[in-house]
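Work through the exercises below with the model open. Try each task before reading its solution.

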Amino acid sequence: MITIYDIAKNVGCSSATVSKALNNYPDVNAMTRKKILDMAESMGYSPNSQAQALTKNKTWNIGVLFETESEIRNGFTHYFFSQILESFKKYTEELGYDLTFVSQKIGENKVSFLQHVRRRRCDGVIIANYDYNDQNVIELIHSKIPVVVIDFDNDTVSSIFSENYEGLKLLTQHLIDLNHRDIVYIHGQRNYVTGERIRGFEDTMNANNCKITEEHLVESAYYDRENIADKTRMVLGREKRPTAIIFSDDYAAVLGIKVIQELGLKVPEDISVVGFDGLELGQMITPHLTTIVQDTRMIGELAAKRLTEIIETKNRTKIDISVGVKLLEGASCKQVKLI
C-alpha cells in the first residue's frame, strides 16, 4: 500500500508537508501542492477511511506549557528541559503538528491555561518544568484536553520520567564503593522528582549501613545560583566536612565546584562531587563531572509519541513510561581511606 512517506520520498519533501497538502491545509505553496497531488495520483495513493476519520476535527496544533517567566525555572534556558523540548518539537513537526506555547495572556487579555488552549484550539498539551500544584495547571490536567506530563506522577494523565530513584542509587553506591561514608545530598525543593531521588539516596545509604542524619540532606532550590552557593558554603563550613557532595543536578554541581575552589579546596583531592542530568556542561569543566545521564532525546520523543497517540486514538488511558539512566564516571571523585 502506498503511504505518505512513499510520496514524500519521491517528491523530495517531508511527510508532514505531504499530509498537509493532501488535507488541503493552506500553508503549502501551490507548486509543491500540485507536485504532491500529481505524485499521489500517479502512484495510486488512496487514504483509508480510518486515516481520514483520524484527521477530522484536528487542528494539527499542540500546546506546550513550560515555565517561561521565572529566571530560575525558565524552560527555554533550562539545560535539561530545553533539550527535551527540542526532541519533542522535532518528532511532532515530522508528523505535521505545529507548536503553540501556552501562557496566561493573549494579547493584553489575562486568561487561564485552559482558556488559552481552547482559544488556540490545541489538539493536546505537553507540560514540563512547571509547578504542578498551580490551580491553572490542575484545571488543565483535569479537562477534556489530552495532556502528557514530564517528570511528574499524576493520577489521571500519562507521564514520562527518568528513573530518578535508580539514578540516585547509582550515584550513592558509586561513592560508597569509593569508601565514602559521610555523603551530603544537596537536593532541590521537594516535589515528585526530588522525593524519588531522596528515597534512592536513603535506601542505598541504609543498605550499606551508612549513618544518615538531618545534616546529610540539605534542601536548596533548582537553578537558584545564590541558594546553591550559600548551601554549599554552609556544608563546607561545618566542623566535620563531608567527603562527598551529591548535587541536585549538573548545573548545581558546576556552581558547587566553583564555590569549593573559591574556598581554596580542590575537587576531588579534598572533596568528591557528583551531579545529575548528564549535560554537556559537566564535561566542559575540569575535572570532568561524574554524573547520571538522562536520555533527553528519548524523553521528548516518547512524550510526543504518547500525546499524538492519545490525540489520534482518543484513548486517554493513563500510561506511565520510565526512561533508563546510566552512570557517567568523570574525574570529580576519588577513593578515600576507610577510617
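**Exercise 1: Overall build**

The secondary structure comprises 12 helices and 14 strands. Both are DSSP runs numbered from the N terminus: helices are H or I with at least four residues, strands are E with at least two. This is a predicted model, where local features need pLDDT of at least 70, side-chain atom pairs count only at pLDDT 80 or more, and totals for chains, interfaces and linings use all residues. Residues are numbered from 1 along each chain as its sequence is written, and side-chain values use heavy atoms, with hydrogens and water left out.

Task: find what share of the protein's residues count as buried.

Solution. Apply the cut-off: buried means under 20% relative accessible area (1.4 Å probe, protein chains only). Of 339 residues, 50% pass.

**Exercise 2: Domains**

Task: state how the protein is divided.

Solution. Take the bounds from an automatic or database domain assignment. Domain 1 is 4–47, domain 2 is 61–161 + 297–323, and domain 3 is 164–294.

**Exercise 3: Where domain 2 meets domain 3**

Task: describe the contact between domain 2 and domain 3.

Solution.
1. Locate the domains. The C-alpha centres of domain 2 and domain 3 lie 30 Å apart.
2. List the residues with heavy atoms within 4.5 Å. Domain 2 gives 10 residues and domain 3 gives 12 residues.
3. Take the accessible area (1.4 Å probe) that the two parts lose on being put together, summed over both. The two domains bury about 1000 Å², with 65% of it on carbon and sulfur atoms.
4. Ask which helix gives the most on the domain 2 side. Helix α5 (residues 79–94) does, with 3 residues.
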